[in-house]
Amino acid sequence: MHVIGFGGAGCKIAIKFSDYTQYEVHLVDKGQEYQLPATNTIEEAEKTAPFFQELVEKIDDDVIFICSGSGITSGAMLAVLESIKHAKITVLYIKPDVAFLNSAAKQRERLVYNVLQQYAHSGAFERLYIFSNPSMASILGELSISEYYDKINSLISGTVHMINYLNNTDSIMSNISPTAETNRISTIGFYDSATATEKYFFDLKNIREKNFYYTFSERTLTEEKNLLNKIATEIKSAGQDELTTVSYSITSTEYENSYVYLVAHTNFVQE
């Protein structure tokens with residue numbers, strides 16, 4: 001699978017995927033492997049966006065495209081995405097804390113955020129995952145300034161990799177079916193069994209589908225009694241409404257600790 005990091009934030013996260021052998025990582029930004037020209041406006045970045053022939057020729061299967069939208073270089077983003085439209089594209093969009101953006105950056109972010117959702121809604125992308133820096137920081141707990149982005153970037157790469165792994169590994173039990181064609185706007189997160197709370201990387205509104213990925217050690221699967229009843233109770237009490245379809249999978253892992261990953265989908269454009 002190919003991972004393309006676009007822009008400063010996207011490249012920093014993409015580099016984290018190099019820790020896993022399953023991904024071939026490509027970086028698109030000023031001063032990177034695929035170099036974007038220096039520009040002064042988002043309109044100029046759009047007009048001068050290069051066509052990366054070598055990159056296009058390498059992309060022959062699924063692509064994870066990682067980006068944020070507040071920078072000037074975001075003007076070239078759609079041109080790069082257009083050049084690889086022959087691939088099955090999953091976009092990871094990192095929504096910054098707008099409190100730290102100036103007015104011009106806020107406008108750029110709002111524009112890119114809305115355009116990517118419209119593209120996903122039209123089926124141009126396989127999926128658009130939205131992640132919010134403040135939401136992820138809240139999950140991680142207290143962070144120093146120096147570790148803030150590095151911890152968030154590791155959280156994104158590690159969790160996305162785990163979801164990919166679980167989707168491509170035989171489960172012990174599962175009723176997860178392909179996501180509805182219309183539900184292409186998504187996020188991921190964790191379920192905390194101790195507090196019965198869902199913790200998402202973005203506050204996704206109007207959720208239409210939820211997938212619970214339970215991972216247990218072989219020891220837990222062998223020794224813990226009434227585990228299925230516990231899972232059933234958790235899913236039923238997870239605050240669903242009549243418009244939300246809920247599914248689950250149970251997978252054995254080599255990790256000693258148990259984790260529950262969440263993936264949520266909607267067809268509703270997020271404001």
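Visitor: What radius of gyration does the chain have, and what would a compact globule of 271 residues have?
Guide: The radius of gyration is taken over C-alpha atoms, and the globule rule is 2.2 Å times the number of residues to the power 0.38. For 271 residues that rule gives a value near 18 Å, and the chain has 19 Å, which agrees. Along the principal axes, the C-alpha atoms fill a box of roughly 60 × 40 × 35 Å. This is a predicted model, in which local features need pLDDT of at least 70 and side-chain atom pairs count only at pLDDT 80 or more, while totals for chains, interfaces and linings use all residues. Residues are numbered from 1 along each chain as its sequence is written, and side-chain values use heavy atoms, with hydrogens and water left out.

Visitor: How many helices and strands are there in the chain?
Guide: Helices (H or I, at least four residues) and strands (E, at least two) are DSSP runs, numbered from the N terminus. The chain has nine helices and 12 strands.

Visitor: In which sense does strand β11 pair with β7, and in which with β10?
Guide: Two strands pair if DSSP finds at least two bridges between them. Strand β11 (residues 245-253) is antiparallel to β7 (residues 173-174), with two bridges; there, Ile250 of β11 has Met173 opposite. Strands β10 (residues 209-217) and β11 run parallel and are joined by nine bridges. Across that pairing, Tyr248 of β11 has Phe212 opposite. In a regular strand the side chains alternate between the two faces of the sheet.

Visitor: What share of the residues is buried?
Guide: Buried means under 20% relative accessible area, exposed over 50%, and partly exposed in between, with a 1.4 Å probe and protein chains only. Buried residues are 47% of the 271 in the chain. Helix α1 (residues 7-16) gives a local case: Gly7, Gly10, Cys11, Ile13, Ala14 and Lys16 are buried.

Visitor: What covers the buried residues of α1?
Guide: The cover includes strands β1 (2-6), β2 (24-29), β4 (63-67) and β5 (89-95), together with helix α7 (148-167). Contact means heavy atoms within 4.5 Å. Asn153 lies in α7 and is buried, at 8% relative accessible area. Leaving aside neighbours within four places in sequence, Asn153 is in contact with Lys12, Ile13 and Lys16.

Visitor: How far apart are the mean positions of the positive and negative charges?
Guide: Lys and Arg count as positive and Asp and Glu as negative, while His and the chain ends are not counted. The place of a charge is NZ of Lys, CZ of Arg, CG of Asp or CD of Glu. The mean positions of the 22 positive and 34 negative charges are 5 Å apart.
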